[in-house]
Amino acid sequence: MSEAEPTAVSLSHRVPDLGALELLIAVARLGSLGRAARARGISQPAASSRIRSMERQLGVALVERSPRGSRLTDAGALVTDWARRVVEAAEAFDAGAQALRGRRDSRLRVAASMTIAEYLLPGWLIALRAQWPGTAVSLHAGNSRVVAERLLGGEADLGFVEGLDVPSGLDGAVIGHDRLVVVAAPSHPWTRRRTELTAVELAKTPLILRERGSGTRQVLDAALGGHGGLAEPLLELASTTAVKAAVVSEAAPSVLSELAVGEELTARRLVEIPVRGLRLGRDLRAVWPTGQRPVGPARDLLGLTRGG
């Protein structure tokens with residue numbers, strides 16, 4: 001049976017940190033531990049302690065101290081030459097990382113479900129423009145399923161959905177709330193009812209609806225599941241604007257976001273139909289791939305949505 005190999009000591013435990021190496025280089029350049037401390041923005045006792053700690057770590061004396069100042073030992077001069085190479089490599093690493101951040105921050109790809117894309121995101125993106133004037137923003141509007149697919153496929157940096165929960169593979173945060181409302185054209189018989197519509201009646205009625213996969217459809221399917229389920233739609237359309245146009249033309253009622261129909265309700269082009277005993281509230285969420293917290297412009301856009 002062979003002997004176990006000794007555990008390797010991490011390089012970070014054997015090599016001084018960048019701050020210590022930069023201090024040593026400053027001592028060599030300025031010829032004084034006190035001046036080096038001031039140049040590095042630390043106290044002289046802290047600088048002395050850091051040099052002693054580095055000497056213990058390396059096992060050699062690096063600096064000789066005297067009333068006339070500080071002088072590098074022969075070993076200290078050699079270590080300082082090595083330290084300069086390490087610091088130069090770190091500076092190159094930092095420059096490369098900044099370039100990567102600059103490339104990342106030069107664009108922001110947003111995917112959002114239709115209601116958020118049409119009625120909330122424009123204002124948020126205008127506010128973001130003031131913070132990131134050099135960032136090119138692209139917005140892809142689709143249903144909640146498409147938003148999840150784009151995020152998981154690396155085609156979007158931040159997404160917004162309106163469904164009941166966070167899609168699989170994504171993390172999210174609630175940024176607001178919305179309510180679905182039943183709407184009909186003013187001439188529809190429902191607008192003249194003396195009693196509230198029931199959930200069962202709504203479920204049995206062929207409606208004009210958003211397509212499957214949309215957050216609106218998901219909430220409605222869940223709400224009517226205990227009332228006989230949703231009847232076969234009269235029409236399924238892929239945009240809220242198209243649904244509203246069809247309802248205004250008196251084709252059939254629909255269920256849409258309160259955000260989306262506010263203007264039409266005010267102008268009486270559409271009428272809200274009360275429904276007894278049916279809850280149609282939903283959360284609005286920002287979403288991103290699990291474990292990839294938004295950074296840069298995406299992080300600031302997320303902050304703007306919460307502020308709003």
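Which side chain meets Arg179 in a salt bridge? In this predicted model, the partner is Glu258, with 2.8 Å from N to O. Arg179 belongs to strand E6 (residues 170-184) and Glu258 to helix H12 (residues 258-266), so the pair ties together parts that are 79 residues apart in sequence. Arg179 is partly exposed, with a relative accessible area of 33%, and Glu258 also counts as partly exposed, at 34% relative accessibility. Elsewhere, salt bridges that share partners join Arg212, Arg217, Asp221 and Glu236 into one network.

A search of the whole structure finds 20 salt bridges. Three of them are listed here.

| Salt bridge | Distance between N and O |
|---|---|
| Arg179 and Glu258 | 2.8 Å |
| Asp81 and Arg84 | 3.1 Å |
| Arg50 and Asp17 | 3.4 Å |

The bridge between Arg50 and Asp17 links distant parts of the chain: Arg50 is in helix H4 (residues 44-58), while Asp17 is in the loop between helix H1 (11-14) and helix H2 (18-30), 33 residues apart. Arg50 is partly exposed at 34% relative accessibility, and Asp17 is partly exposed at 42%.

Asp81 and Arg84 both lie in helix H5 (residues 74-105); because they are three residues apart, about one helical turn separates them. Asp81 is partly exposed, with a relative accessible area of 37%, and Arg84 is partly exposed, with 35%.

The whole structure holds one aromatic pair. Trp124 and Phe160 form this tilted pair, with 5.7 Å centre to centre and 40 degrees between the planes. Trp124 lies in helix H7 (residues 121-131) and Phe160 in strand E5 (residues 158-161), so parts 36 residues apart in sequence are tied together. Trp124 counts as buried at 12% relative accessibility, and Phe160 counts as buried at 0%.

Terms used: Residues numbered from 1 in each chain as written. Predicted model: local features only at pLDDT ≥ 70, side-chain atom pairs only at ≥ 80, totals over all residues. Heavy atoms only, no water. Phe/Tyr/Trp six-rings, centres within 6.5 Å; stacked < 30°, edge-to-face > 60°. Helix = DSSP H or I, 4+ residues; strand = E, 2+ residues; numbered from the N terminus. Buried < 20%, exposed > 50% of the residue type's maximum accessible area, 1.4 Å probe, protein only. Salt bridge = Lys/Arg side-chain N within 4 Å of Asp/Glu carboxyl O.
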